[in-house]
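Hi,

Here is the structure I promised to pass on. My notes follow just below it.

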Amino acid sequence: MPHSRHYAGQRAVLSLTMAAAIAATAATAAHGQDLDRVILRNGNPVVGEIEELRRGKLSVDTDEMDVVRVDWDDIAFVTSSRIFEVTDTDGTRYFGSLEQTTEEATLVVAQTATADTVAFGRIVELTLIGRGFLARTKGFVDVGGNFFRANDLASILLAGRLAYTGPIWEFDYNGDAYFQRQETTTDTGEVFEEQTKRLSASVGVKRFFRKSWAATSSAEIEQNEELSLDSRILLTLGGHYQIIRNQGWELAALAGGAFNSEAFTGEERTSSGEILLAAGFDAFDVGDLDLYTTVTSFTAPDGKRFRVNVDARVSWEIFNDFSVGFNAKEAYDSAPPTEDAGRDYQYGLTIGWSWS
């Protein structure tokens, strides 16, 4: 008897949920509009236009509440007659309308002659076909700075990222700049000013293949006065594999080769080939925190020199995609051309804005 009551309760919940879906459909027809329908697990309907699913949240443009973002885990049913691109945890992409189903937490992606059924737990992205360029972009802009009166030290940190992801290609831009100014007074009373800057910018291109594989290439330029690095030009080519990708976090690895051309102050420019290995981790379902870390190594073929770069970012959303964060960079060179270039680090508190 207890099991019978349990199953009867499940059937009652499913019946109520389906009744809510039918009511939402009727409301849509009454408005004379071909709107999308989202039914929550508690039976409440959300009627509007689905924009996208990204980073575990479904964005729906409604008349009553403008754009609302609903946790993917809180949704039971999604239907739409419009055409979407759906990506699962293996990197497989499906294209079609989102058809009605009686099975909770299941998406039916239908085309003219075929239909694919995908469990909600395997879906990581959902994008409306035909949405503009900006709708497929993600990124952030961070600004930080400080000033100390005691030694007239002032600094400012700028960092940002812009990425566009299409069905086959991804384009990625990363940049950061650090400026520092300090006035120093000598024993004789002479005052002189020291200025230091670090600049780096990179552009990457990724070409997706089946499942979780991709080919990637990038070009980066870097300048660092504290390390006496006048310029470094880095070109890379490699293979990218998405180890884990779900609604809460991502883990990826990269292997390939790099061409490094660098010039230090007072030294001639040198060029060399390097072995490239990298790993990236991004967790965006830790409350309001977003944790992002990449570790990259460059090793000479003869093993006599290797470089390791660590880039980390922790941000906490305070309201409407605005956040406070902590940025950290560490760089190590086992055989630096100059004595100052063995280790470099940069830490900073920032205020930022992100979108996805």
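Buried here means under 20% relative accessible area, exposed means over 50%, and partly exposed is in between (1.4 Å probe, protein chains only). Strands are DSSP runs of E with at least two residues, numbered from the N terminus. This is a predicted model, so local features need pLDDT of at least 70 and side-chain atom pairs count only at pLDDT 80 or more, while totals for chains, interfaces and linings use all residues. Residues are numbered from 1 along each chain as its sequence is written, and side-chain values use heavy atoms, without hydrogens and water.

Let me start with strand β5 (residues 75–88), where eleven of the 14 residues are buried. Pairing of two strands requires at least two DSSP bridges between them. β5 runs antiparallel to β1 (residues 36–40), with four bridges, and L40 stands opposite I75. Five bridges also join β5 to antiparallel β6 (residues 93–99), and another five join β5 to β9 (residues 123–128), again antiparallel. F84 faces both ways along the sheet: G96 stands opposite in β6, and L128 is the bridge partner in β9.Now the rings, which pair if the centres of Phe, Tyr or Trp (its six-membered ring) lie within 6.5 Å; planes under 30 degrees apart are stacked, over 60 edge-to-face, and the rest tilted. The whole structure holds eight aromatic pairs. One of them, W213 with Y241, is tilted, at 4.6 Å centre to centre and 45° between the planes.

Best wishes
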